[in-house]
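Please read them with the structure open.

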Amino acid sequence: MTRKLLLLPGDGIGPEAMAEVRKLISAMNERFSSGFEVEEGLVGGAAYDAHGQAISDADMAKALAADAVLFGAVGGPKWDGVPYEVRPEAGLLRLRKEMELFANLRPAICYPALAASSSLKQEVVEGLDILIVRELTGGVYFGEPKEIIDLGNGQKRGIDTQVYDTFEIERISGVAFELARTRQNKVCSMEKHNVMKSGVLWKDVVAATHKAKYSDVELTHMLADAGGMQLVRWPKQFDVIVTDNLFGDMLSDVAAMLTGSLGMLPSASLGAPDAKTGSRKALYEPVHGSAPDIAGKGLANPIAMIASFAMCLRYSFSMIAEADRLEAAVAAVLDDGQRTADIMSDGKTQLGTGAMGDAILEKFLALSA
Ligand code: NAD
Ligand code: IPM
Ligand code: MN
């Protein structure tokens, strides 16, 4: 069996983190004949430097043809001045849109060993396991008009448009309800129906979807600003949070810090299952960015990238035992007191990116023996 993977390492710490996943892929091919066939492409600033686009049509075609895409990170000050249409982030947005990856799953799990590493009190985060389901192909990221117009009086106007249609809210809430059934069976929907028309529709459609198909799941609604506050006050009240593209972006960075570091948070961006084959387009990406402040120094935490690969094993290849073992390997390495510099370390052993990747690989192989 072959499993076609496209690796898009990108910019900054993206390639450093991806190198650690490549070690895992090679070891799995050698030891367990996992059959990963790996191609590589350019995205973000790296693609812009090579051919003036944030992702080339050829690499876009490879992404559409792959069984799964692993994405590192894009962006950085080097490309601050490039035209908006070809800025590094545009490559990621094109991938999400053209692959129709409407469902972004961002789990925030506080590993037991890191309960004291959060900036919040230990009892607030200990045992935390929440899942943010972020809508990823709609909302203000893609709504038209999206432009800066010259008003002719020395003033300009910047316009972004928040747009949601019923089907988009139905399908993302369906994903959230389905996933809740495999967890604590609770969904909290976050929007701002008090000021946004799209928020009014969001709340109504989530409620109607719940009533029609998922009334066994406990549903609550929360205004997104209050949701941000509650995430920091008592995050364990949540199981699954479903929210729009922009609120999901912000709330998932907040949730990241509950786990000890932004360098811990993986994500899966999924399309709809094919009606005939059941397979779905998918891209796996850490929540963090290219971290220009530490890029090239071998300091990056590769766990978000490695845990994104674990999500790939789980969601794209149904390699559940392998995904479980990889996540257990991460937990075991943290239990042993090994840390990268971004995690508050209270005197524990500090490892660079490569050494952390090696430690996880070693544990993973030991658990697989
Ligand atoms: P960032 O996530 O890159 O960094 C924020 C802070 O967290 C930095 O101090 C960084 O050093 C730290 N950090 C992030 N990931 C880390 C890791 N794995 N290990 C250790 N420390 C880590 O966010 P930013 O600085 O706001 O953005 C930098 C660039 O990244 C921007 O161009 C932005 O658009 C881009 N970005 C890309 C993605 C993506 O590619 N998916 C996501 C977010 C931001
Ligand atoms: C994320 C990032 C992206 C987003 C950027 C880089 C386009 O912040 O994945 O969280 O805003 O969605
Ligand atoms: Mn973000």
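This is a predicted model: local features need pLDDT of at least 70, side-chain atom pairs count only at pLDDT 80 or more; totals for chains, interfaces and linings use all residues.

1. The core. The largest nonpolar core holds 106 residues. Those with the most contacts inside this core are Leu70, Val133, Ile241, Tyr284, Ile306 and Phe309. Helix α10, residues 303–315, gives the most to the core, with 10 residues.

2. Where the core sits. Domain 1 (1–102 + 271–369) contributes residues to this core, and domain 2 (108–260) does too, so the core lies between them.

3. Val133. Which residues is Val133 in contact with, leaving aside its neighbours within four places in sequence? They are Ala103, Leu105, Ile172, Val175, Ala176, Leu179, Val240, Ile241 and Val242. One of them, Ile241, is also listed with Val133 among the residues with the most contacts inside the core.

4. Helix α8, buried side. Helix α8 spans residues 224–233, and Ala224, Gly227 and Leu231 are buried there. These residues cover an arc of only 40° around the axis, so they sit on the same side of α8. The cover over the buried residues of α8 includes strands β8 (186–191), β9 (218–223) and β10 (240–243), along with helix α9 (245–258).

5. Helix α8, other face. Turned away from the buried side is a face that carries Ala226, Met229 and Arg233, which are exposed.

6. Ligand 1. There are 21 residues around ligand 1. Gly75, Gly263, His288, Gly289 and Asn301 come nearest. By type, the shell divides into 10 nonpolar, seven polar and four charged residues.

How values were computed:
Residues are numbered from 1 along each chain as its sequence is written. Chains are lettered from A and ligands numbered from 1 in the order in which they are written. A nonpolar core is a set of buried Ala, Val, Leu, Ile, Met, Phe, Trp, Tyr and Cys residues joined through C-beta atoms within 7 Å. A residue is buried if 20 or more other C-beta atoms lie within 10 Å of its own, exposed if 12 or fewer, and partly exposed in between; C-beta atoms are placed from the backbone. Helices (H or I, at least four residues) and strands (E, at least two) are DSSP runs, numbered from the N terminus. Domain bounds come from an automatic or database domain assignment. Two residues are in contact if their C-beta atoms, placed from the backbone, lie within 7 Å. The arc is that of the directions from the helix axis to the C-beta atoms. A residue is near a molecule or strand if its C-beta atom, placed from the backbone, lies within 6 Å of it. Ala, Val, Leu, Ile, Met, Phe, Trp, Tyr, Cys and Pro count as nonpolar, Asp, Glu, Lys and Arg as charged, and the others, Gly among them, as polar.
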